[in-house]
Amino acid sequence: MDKYAVLGNPVNHSRSPAIHAMFRDETGQEMEYGTLLCPLGSFGETVDGFRSGGGKGLNITVPFKEDAFRYADILTDRAKTAGAVNTLRFNDDGTVLGDNTDGAGFIADLKRLKWPVSGKRVLVMGAGGAARGILKPLLEENPASLFLANRTLARAQALAQEFPETVAGSYEDLVSRGTFDLVINATSGSLSGAVPPLPESVFAAGARAYDLMYTPSGMTVFLEWALSHGCSHVSDGLGMLVGQAGESFLLWRGVSPDPERVLKALREMLRAED
Ligand code: ATR
């Protein structure tokens, strides 16, 4: 039986085992997927042990995505751009492939929602790892413009230098930037109940708001703010979570699972636990 796991610390809260079990059942793949708690400072030993026990691949979560980046022998372009690895594949020839499926999972979720990016005015809030992971795939969808806003302006400016098609600024700068069709919250603000200080008139007619964070109900403080300030469609990041898992599954098994049914079941599971 091919073995996979999600590695992190902590890791027992992870939804990945439930998601991959549903993917496995749907596609009929012979595999098992568990959790692997990694002691801090022992990434290499823990992964080596998993591999020698027959492990075929790992998802990597906090705080080990940079360790995984260093561990991999071969990095995909999207892992290089993200500067972090969330998926390792242990190849039969002994090499280790490091990939990052977060950005592709995000774009897959926008497609599932039928939210277009091409020709749209896009605002990304945040300049940490979450924002970094979605910028390149977003730009590849050809938005009309991409504005990157962050509380600490220097961080947004540094990130925008790596992606010259973007314009960086502060939240105050947004007042003179008109409206946006798609506003993406890539800050960690929703974790602490904080909404970034957006101007009230930020949303264009028919605008959409996406929060990379997810909650059992599907609402976050940012999404509630968006709905009460003229935004017509909102989504939390549960679909992105399923999307990135689907991209990892494809990398390992060569099959693309259908996200819709899994997302519905996962939402019901989270609601029932809440
Ligand atoms: P991650 O890897 O999840 O992106 P991170 O690197 O800690 O985490 O980045 C968190 C992001 O959320 C940053 O852009 C941070 O803004 P600063 O760079 O100014 O710190 C942003 N953030 C966190 N709390 C926020 C808040 N209350 N309002 C606005 N932005 C916030």
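Helices (H or I, at least four residues) and strands (E, at least two) are DSSP runs here, numbered from the N terminus. This is a predicted model, so local features need pLDDT of at least 70 and side-chain atom pairs count only at pLDDT 80 or more, while totals for chains, interfaces and linings use all residues. Residues are numbered from 1 along each chain as its sequence is written, and side-chain values use heavy atoms, with hydrogens and water left out.

**Stop 1**

Select Ser-16, which sits in helix 1. Is Ser-16 buried or exposed? Its relative accessibility is 8%, so it counts as buried (buried is under 20% relative accessible area, exposed over 50%, partly exposed in between, using a 1.4 Å probe and protein chains only). Leaving aside neighbours within four places in sequence, Ser-16 is in contact (heavy atoms within 4.5 Å) with Val-6 and Tyr-33.

Now step back to Val-11, in the loop between strand 1 and helix 1. Val-11 is buried too, with a relative accessible area of 4%. Show its surroundings: not counting residues up to four places away in sequence, Val-11 touches Val-6, Thr-35, Leu-36, Leu-37 and Thr-61.

**Stop 2: two cis prolines**

Stay in that loop between strand 1 (2-8) and helix 1 (16-27) for Pro-10. The peptide bond from Asn-9 to Pro-10 is cis, with omega near 5°. Next, jump to Pro-63, in the loop between strand 3 (55-60) and helix 3 (65-71). Val-62 and Pro-63 are also joined by a cis peptide bond, and omega there is about 0°.

**Stop 3: positive phi**

Pick Lys-114, in the loop between helix 5 and strand 7 (121-125). Phi of this non-glycine residue is positive, near 60°, and Lys-114 is exposed at 69% relative accessibility. Then try Asn-142, in the loop between helix 6 (129-140) and strand 8 (145-149). Its phi is positive as well, near 60°, and Asn-142 is exposed with a relative accessible area of 52%.

**Stop 4**

Select residues 153-162, helix 7, and colour its buried residues: Ala-156, Leu-159 and Ala-160. Looking down the axis, these fall within an arc of 100° (taken from the directions from the helix axis to the C-beta atoms), so they line one face of the helix. An α-helix has 3.6 residues a turn, so residues three or four places apart point the same way. What do the buried residues of helix 7 pack against? Their partners are helix 6, strand 8 and strand 9 (166-169).

**Stop 5**

Finish with Arg-112, Asp-236, Leu-263, Arg-267 and Arg-271, which lie nearest the centre of the second largest pocket among its 13 lining residues. A pocket is an open set of points on a 1 Å grid over the protein atoms alone, where a 1.4 Å probe fits, with protein on both sides within 12 Å along at least five of seven lines; lining residues have an atom within 4 Å of a point. Helix 10 gives the most to this lining, with five residues.
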